[in-house]
Amino acid sequence: MRQIYEKCHEYNIELHNIFIDFSQAFDTVKRDVIHNSLTKYNVPDKLIKLMKLTMQRTKMKVKVNKSYSAWFETKTGVRQGDPLSALLFSVVSDSVITNLEIRGNITTRLKQICAYADDIVIIGRTNKS
């Protein structure tokens, strides 16, 4: 990462970064994006419908100290602790990354992805790339 920043600074290349925090990302995935990604990978419609059913009317409450909030419905994210959640999140991540069409490096392309373990940064030369 440091070398990328140094070269871009040297050649006056503008950089925009998106750092992905996977612990927070699980809660923010839009469910229609999950369904579209599954369709893209030719998952049978019957399985997609079953998955939609498991995510409908998902309710939760928040614990602060020893008190719980009222129940509320969630309409985004995957269910924490559900064995299927990691797979669904991986499918969506793969779908997004393959759509970026990343080849070469940031000096020759408009965007690049850098990943190490569970840390990911997407680097673009414009804020729209």
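**Notes on the predicted model**

1. Arg-2 and Glu-6 both belong to helix 1 (residues 2-10), where they sit four residues apart, about one turn of the helix; helices here are DSSP runs of H or I with at least four residues, strands are runs of E with at least two, and both are numbered from the N terminus. The two side chains form a salt bridge in which the closest N and O atoms are 3.0 Å apart, the term standing for a side-chain nitrogen of Lys or Arg within 4 Å of a carboxyl oxygen of Asp or Glu. Arg-2 counts as exposed because its relative accessibility is 63%, whereas Glu-6, at 42%, counts as partly exposed; buried means under 20% relative accessible area, exposed over 50%, and partly exposed in between, with a 1.4 Å probe and protein chains only.

2. This is a predicted model, in which local features need pLDDT of at least 70 and side-chain atom pairs count only at pLDDT 80 or more, while totals for chains, interfaces and linings use all residues. Residues are numbered from 1 along each chain as its sequence is written, and side-chain values use heavy atoms, with hydrogens and water left out.

3. How many salt bridges does the structure hold? There are two, and besides the pair Arg-2 and Glu-6 there is one between the side chains of Glu-10 and Lys-7, at 3.6 Å from N to O. Glu-10 and Lys-7 also both lie in helix 1, three residues apart, about one turn of the helix. Lys-7 counts as partly exposed because its relative accessibility is 42%.

4. For the chain as a whole, there are five helices and seven strands, and from the N terminus on the elements run α-β-α-α-α-β-β-β-β-α-β-β. Of the 129 residues, 26% are buried. The chain exposes about 9700 Å², of which carbon and sulfur atoms supply 54%; accessible areas come from the Shrake-Rupley method with a 1.4 Å probe, and for residues only the protein chains shown count as cover.

5. In helix 4 (residues 45-55), Ile-48, Met-51 and Met-55 are buried. Seen down the axis of helix 4, its buried residues fall within an arc of 60 degrees, so they line one face of the helix; the arc is that of the directions from the helix axis to the C-beta atoms. Lys-46, Lys-49 and Leu-53 are exposed on the other side of helix 4. The cover over the buried residues includes helix 3 (31-40), strand 2 and helix 5 (83-99).

6. Which residues make up the largest nonpolar core? Its 11 residues are Val-29, Ile-34, Leu-38, Ile-48, Met-51, Met-55, Val-78, Leu-88, Phe-89, Val-91 and Val-92, a nonpolar core being a set of buried Ala, Val, Leu, Ile, Met, Phe, Trp, Tyr and Cys residues joined through side-chain atoms within 4.5 Å. Helix 3, helix 4 and helix 5 are the elements that give two or more residues to this core, and helix 5 gives the most, with four residues. A second, separate core of six residues includes Cys-8, Cys-114, Val-121 and Ile-123. In soluble globular proteins, nonpolar side chains tend to be buried together.

7. Asn-12 lies in the loop between helix 1 and strand 1 (16-21) and counts as exposed because its relative accessibility is 72%. Arg-57 is placed in the loop between helix 4 and strand 2, and it counts as exposed at 63% relative accessibility.

8. Glu-73, found in strand 5 (residues 72-74), is partly exposed, with a relative accessible area of 40%. The C-alpha atoms of Glu-73 and Arg-57 are separated by 6.3 Å, although these residues are 16 apart along the chain. Leaving aside residues up to four places away in sequence, Glu-73 touches Arg-57, Thr-58 and Lys-59, where contact means heavy atoms within 4.5 Å.
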